[in-house]
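Please open the model in your viewer and keep the selection tool at hand. The stops below can be followed in order.

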Amino acid sequence: MTASIPSPRPAVRAVPVPQDGVLVDRAAHRRAEPGLVGALREIGSTRVLLVHRGRLAVAPGGEVVVLGGERLVRVPAPDDGERPRWLFLGEDGGAAYLALVLPDDADAQGMDIEGIDPGDPLAELVRDHTWRGLREIVGGADGLGAALATEAVALAAWHASHPRCPRCGEPTVAENAGWTRRCVDEGIDFYPRTDPAVIMSVVRGDGADEQLLLGHAAHWPDRRFSTLAGYVEPGESLEQAVRREVLEESGVVVGEVDYRGSQPWPFPASLMLGFHARATSEEIQVDGVELTDARWFTRAGLGAAVDAGDVLLPGRSSIARALIEGWYGARLAGD
Ligand SMILES: [Zn+2]
């Protein structure tokens, strides 16, 4: 029997996505250690990120706050990981990173704290910090802080949305330092979920005439244009998802599809998988539901439209921006 030799594929040019270079050692082998979080809280070198309502505590300079030791020892560490929830994020140079997820009903302004005694250390933590959304943090320069923050927010969101067993409806409990939830009645473990979504720079033509397809979604501000994107459906490959989404939203037929890079996007649980795709048709017919406008842009046309403020691109922290600028070949104006 003769083995078929695959033809060499062209080199895929990766898109530099924010956080790409940062690798957090998640030290997964430690998650099952009994009493891990409780023990780490007592160690002076342990660093803790604070999460509240999907936002992170930040210092005046905007960097993610990583608190150490003493003050946190006062915060309770319930065995089942509920109220507040402690998560083990990993290690760096021998120091452990934890996330402390404060209850949603602790008010960020410290004005109205339902169910929590004002002298409670949780209420103090909420009141004494400034809170920023993950999009802002990922856009900042603190790569390690952004990577840890993304991990913490993604895992916290999974816990918040999976309080009960999807099979029998009984409450589940957190185990393994926040990396599983268990239905005690049935003895089943559930694991954190990530929903794959595809996002793609679709082009047609060649050279100076090459054009990029950008769309305007119904719920976006005026003049905002970005790459098309959508969720992968059950039973579908990533390439099929790229072709289906582009066809559904814009009427454009896609042929060749190449992978370019990925970005976790925990709003609440997406993983954006970036592709570069080549269209085999030109005519655009938007679906009018998800997309209300879509256009082909040459490089010169896009640069001019952005400079004139006629097109507003997605933020620098997004893989969408990385795909657009990866095709354009340079930074484009705007935030
Ligand atoms: Zn169950």
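Helices (H or I, at least four residues) and strands (E, at least two) are DSSP runs, numbered from the N terminus. The model is a predicted one, in which local features need pLDDT of at least 70 and side-chain atom pairs count only at pLDDT 80 or more, while totals for chains, interfaces and linings use all residues. Residues are numbered from 1 along each chain as its sequence is written, and side-chain values use heavy atoms, with hydrogens and water left out.

**The whole chain**

Begin with a cartoon of the protein, which has eight helices and 15 strands. Of its 335 residues, 46% count as buried, where buried means under 20% relative accessible area, exposed over 50% and partly exposed in between, with a 1.4 Å probe and protein chains only. Taking a contact as heavy atoms within 4.5 Å, residues 24 or more positions apart account for 61% of the contacts with a separation of 6 or more.

**The zinc site**

Next select the zinc ion together with Cys 165 (SG), Cys 168 (SG), Cys 183 (SG) and Glu 186 (OE), its protein donors, which lie 2.0 to 2.4 Å from it. Donors are N, O and S atoms within 2.8 Å of the metal (3.2 Å for Na, K and Ca), and water is not among the atoms, so sites may look incomplete. The angles among the four donor atoms run from 97 to 122 degrees, and the site is tetrahedral, a label that four donors receive if all angles lie between 85 and 135 degrees. Along the sequence, the donor residues follow the spacing C-x2-C-x14-C-x2-E. Cys 168 sits in the loop between α5 (143-161) and β7 (173-175), and Cys 183 in strand β8 (residues 180-183), so this pair ties together parts that are 15 residues apart in sequence. Cys 168 is partly exposed at 34% relative accessible area, whereas Cys 183 is buried at 0%.

**Backbone stops**

Move to Ala 177, in the loop between β7 and β8, where phi is positive at about 55 degrees although the residue is not a glycine; Ala 177 counts as buried, at 14% relative accessibility. Then pick Ala 27 in the segment before α1 (36-41), with a positive phi near 45 degrees and a relative accessible area of 4%, which is buried. The loop between β13 (254-265) and β14 (270-279) holds Pro 268, and the peptide bond from Phe 267 to Pro 268 is cis, with omega near 5 degrees.

Which residues of α8 are buried? Select Ile 319, Ala 320, Arg 321, Ala 322, Leu 323, Ile 324, Glu 325 and Trp 327 to see them. Eight of the 10 residues of α8 are buried, so the helix is largely enclosed by the rest of the structure. Among the elements that cover these buried residues are β10, β11, β13, β14, β15 (291-298) and α7 (299-307). After α8 comes Gly 329, with a positive phi near 95 degrees.

**The largest pocket**

Finish by centring the view on Ile 199, Trp 220, Ala 229, Trp 265 and Met 272, which lie nearest the centre of the largest pocket among its 28 lining residues. β12 gives the most to this lining, with four residues, and α8 (319-328) is one of the elements that supply at least two.

Key: Tetrahedral: all angles 85-135°; square planar, octahedral: opposite > 155°, others 65-115°. 1 Å grid on protein atoms, 1.4 Å probe; cavity = no way out; pocket = protein on both sides within 12 Å on 5 of 7 lines; lining within 4 Å.
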